[in-house]
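Hi there,

Here is the two-chain structure I promised to hand over.

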Amino acid sequence: MVALRKFVEVGFLLLLVLLPLGSAHLFSDFYIVLFLRIFIFGILMLGFDLLAGYCGLTSFGHAMFFGTGAYVAAITWKYLNNSVWLGILLGLGLNTIAGYILALLCVRTRTIYFVFLTLAFSQFFYVAADSWRLIGGTDGITGIPSPTLIPGISLGHRTGLYYFSLAFLVVAYWIARRIVNSHFGRVLKGIHENEERIKFLGYNASLIIRRVFLISGLFGSVAGTLMVCFQPFVPPTYYHVSLSGSFVIMALLGGMGTLVGPLLGTAIIIFMDDLLSTWFKESWMLCLGGIYILCVLYSPEGVTGIAKHISVTGVLTKLSNGLTKGLNLTKN
Amino acid sequence: MTFSTVMVNLLYGITIGSAYTLIAFGFTIIFGVMGVLNFAHGGFVMLGAYVGFTIIKLTKNFWISLFLAPLGIALLGGIVEKFLVSRFYGKDIHFTLFLTFGLSMVFSNAVLLIWGGVPQSIQLPYYFKGFINLFGIYYPKFRLFVLVFCCLLVSSLWIFLTRSRWGSVIRAGLFDIETVEAFGIDIYRVFSFLFIFCSGMAAVAGVIIGAMRSINPVMDLDFILVALSVVVIGGLGSFKGALIGSLILGLAEAFGAQAIPGFAKFTTWAIMVAVILLRPKGLFSER
């Protein structure tokens with residue numbers, strides 16, 4: 001199974017690496033932009049899945065890390081120095097401080113209270129960004145210069161940014177995979193299954209939740225910074241609850257707790273977002289809301305959940321079960 | 001701050017708080033009894049305000065609108081409960097959250113399509129315009145009406161919940177719905193009734209708050225946040241918590257707007273953080 005997954009992963013990576021080469025001849029630049037957005041939100045979703053899928057704590061305010069990453073990067077590049085690394089580092093730094101404090105508060109609650117609290121805090125950030133004139137208020141930050149990879153090489157070009165984001169996505173996926181397979185990752189799953197038992201085994205569950213909250217936030221921070229590379233404009237809606245909500249739906253659609261699922265969900269939602277907004281113009285939010293509802297009604301386990309039901313091993317076990325049953329019947 | 005500004009803020013805080021109670025009661029009942037996290041509750045408030053706005057425009061009568069708009073929204077609530085929410089009873093609570101989140105998006109966009117994005121204001125009858133002299137302080141007439149109306153509504157609701165047979169069923173449902181079912185009560189009918197009733201109540205709040213402020217297609221979010229903060233402050237599934245939480249929120253908003261204009265919401269968050277630190281499950285949590 002692991003070998004098969006590695007094979008699929010490498011295959012996908014190759015496909016994505018080769019994609020921009022064909023863009024000039026086979027299809028328009030549009031797909032590069034679309035995939036760029038999928039990569040950026042994919043990084044965030046990997047972090048989100050660590051918290052929501054593996055640890056079982058659904059954050060309804062993950063946009064706060066995304067927004068902070070974006071705002072810090074925008075301010076850094078506009079007023080300080082337009083090195084992309086400086087933006088990422090400062091974003092991570094501020095998000096570490098903010099995430100540490102928020103984790104201390106949020107860890108006191110579980111299940112639905114956790115949802116409330118994260119939602120309320122992200123809305124706190126939204127109101128702050130929306131009313132603070134110094135960082136642009138409702139208009140947000142505009143006129144951000146495109147960042148440089150190293151002095152002299154700009155990241156303004158779409159294809160360059162495509163590979164840059166892809167590299168980050170691969171690293172993020174690798175880190176997330178390492179976390180999930182590690183001892184820490186198993187304890188996370190344990191907290192999801194039965195927190196009392198994990199505590200009984202001598203683990204400090206609260207500390208572990210705080211750590212995964214912070215880690216998952218840092219993924220979001222990087223995604224926010226990359227978003228500013230892509231769109232040199234930061235509106236306060238980067239903190240908005242509708243963004244946080246769409247993260248939850250992305251994870252749900254793809255299937256939580258699988259890492260690959262949320263990536264798939266991100267791709268589906270972003271693709272649909274684009275399609276619906278061109279087809280339905282003003283009423284696309286209505287259609288997207290309708291799709292969310294259908295998604296919850298008919299596939300609460302997500303796309304990967306459906307895939308699990310029709311997987312090869314599943315079919316084989318069903319077949320063998322049927323066979324043994326048939327043999328037993330003939331014996332009697 | 002002089003004495004009269006303190007009094008005006010106090011009155012305004014209680015007025016807003018009592019209107020919030022109508023929203024928070026419905027939200028906490030739907031969550032506590034039915035186990036449904038209704039993110040679309042703010043959407044019902046907003047739809048109530050917009051339907052009320054249209055009815056006033058057509059009939060020129062505030063009272064007809066205050067009666068008909070909640071009725072219409074209650075009907076919509078019944079449809080939503082029957083076809084969507086009822087499928088998720090007894091399942092993971094997160095699913096209802098995701099479902100109603102999608103629903104609130106649909107509501108918000110529908111309002112934008114039907115009524116447009118420009119903020120509107122609900123026309124008040126002439127006798128509600130202007131100010132009234134209350135022991136030396138001038139207070140808008142309509143706000144005074146809202147205060148009296150909401151207090152009457154909340155107290156009759158309180159009596160219904162604490163004194164009547166169905167009220168005791170609801171309160172028992174907050175603790176243990178299975179035991180209620182074991183007593184031979186058809187809980188699914190209770191659920192339908194509650195959802196319809198709470199949607200209607202949200203619409204009442206929508207009409208009167210909409211008439212006090214202005215109405216816009218993103219106001220649903222404000223109200224869902226009000227409901228959530230009240231629940232965090234007061235404790236989930238507690239009527240006393242919903243009442244006190246709403247009043248705290250209303251007062252915090254009124255005085256916060258006075259103290260730091262533009263940052264009124266921060267006082268709310270500060271109170272919320274304090275409550276979480278001291279009592280993670282809210283001030284009056286019964287579970």
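**What I found**

Within the largest nonpolar core, which has 193 residues, A:Ile43 and B:Ile23 touch the most other members. A nonpolar core here is a set of buried Ala, Val, Leu, Ile, Met, Phe, Trp, Tyr and Cys residues joined through C-beta atoms within 7 Å. A residue is called buried if 20 or more other C-beta atoms lie within 10 Å of its own, exposed if 12 or fewer, and partly exposed in between, with C-beta atoms placed from the backbone.

Before you go further, please note that this is a predicted model: local features need pLDDT of at least 70, side-chain atom pairs count only at pLDDT 80 or more, and totals for chains, interfaces and linings use all residues. Residues are numbered from 1 along each chain as its sequence is written, while chains are lettered from A and ligands numbered from 1 in the order in which they are written.

Back to A:Ile43: leaving aside neighbours within four places in sequence, A:Ile43 is in contact with A:Phe168, A:Leu169, A:Ala172, A:Phe219, A:Val222 and A:Ala223. Contact means that the C-beta atoms of two residues, placed from the backbone, lie within 7 Å.

**Chain A**

Chain A has 14 helices and two strands; these are DSSP runs numbered from the N terminus, helices being H or I with at least four residues and strands E with at least two. Of its 332 residues, 44% count as buried. Among its contacts with a separation of 6 or more, 75% are between residues 24 or more positions apart.

A:Phe121 sits in helix H5 (residues 111-131) of chain A. Why is A:Phe121 counted as buried? Because A:Phe121 has 23 C-beta neighbours inside 10 Å. Beyond four places in sequence, its contacts are A:Gly61, A:Met64 and A:Leu102.

Helix H12 (residues 284-298) of chain A is worth a look too. Its 15 residues reach 21 Å from first C-alpha to last, close to the 21 Å expected at 1.5 Å a residue, where the expected span is 1.5 Å times one less than the number of residues. Buried in H12(A) are A:Met285, A:Leu288, A:Gly289, A:Tyr292, A:Cys295 and A:Val296. Seen down the axis, these buried residues fall within an arc of 120 degrees, so they line one face of H12(A); the arc is that of the directions from the helix axis to the C-beta atoms. On the other side of H12(A), A:Leu294 and A:Tyr298 are exposed. The cover over the buried residues includes helix H10 (241-254) and helix H11 (260-279) of chain A, together with H4 of chain B.

**Chain B and the contact**

Chain B comes to 11 helices and two strands, in the order α-α-α-α-β-β-α-α-α-α-α-α-α. Its radius of gyration is 19 Å, close to the 19 Å that the globule rule gives for 287 residues, so chain B is as compact as a globular protein of that length. That radius is taken over C-alpha atoms, and the rule is 2.2 Å times the number of residues to the power 0.38. In chain B, 50% of the 287 residues count as buried.

Where the chains touch, 31 residues come from chain B and 31 residues from chain A. On the side of chain B, the elements giving two or more residues are helix H4 (93-115), helix H9 (219-234) and helix H11 (264-278). H4(B) gives the largest share, 14 residues.

Happy exploring!
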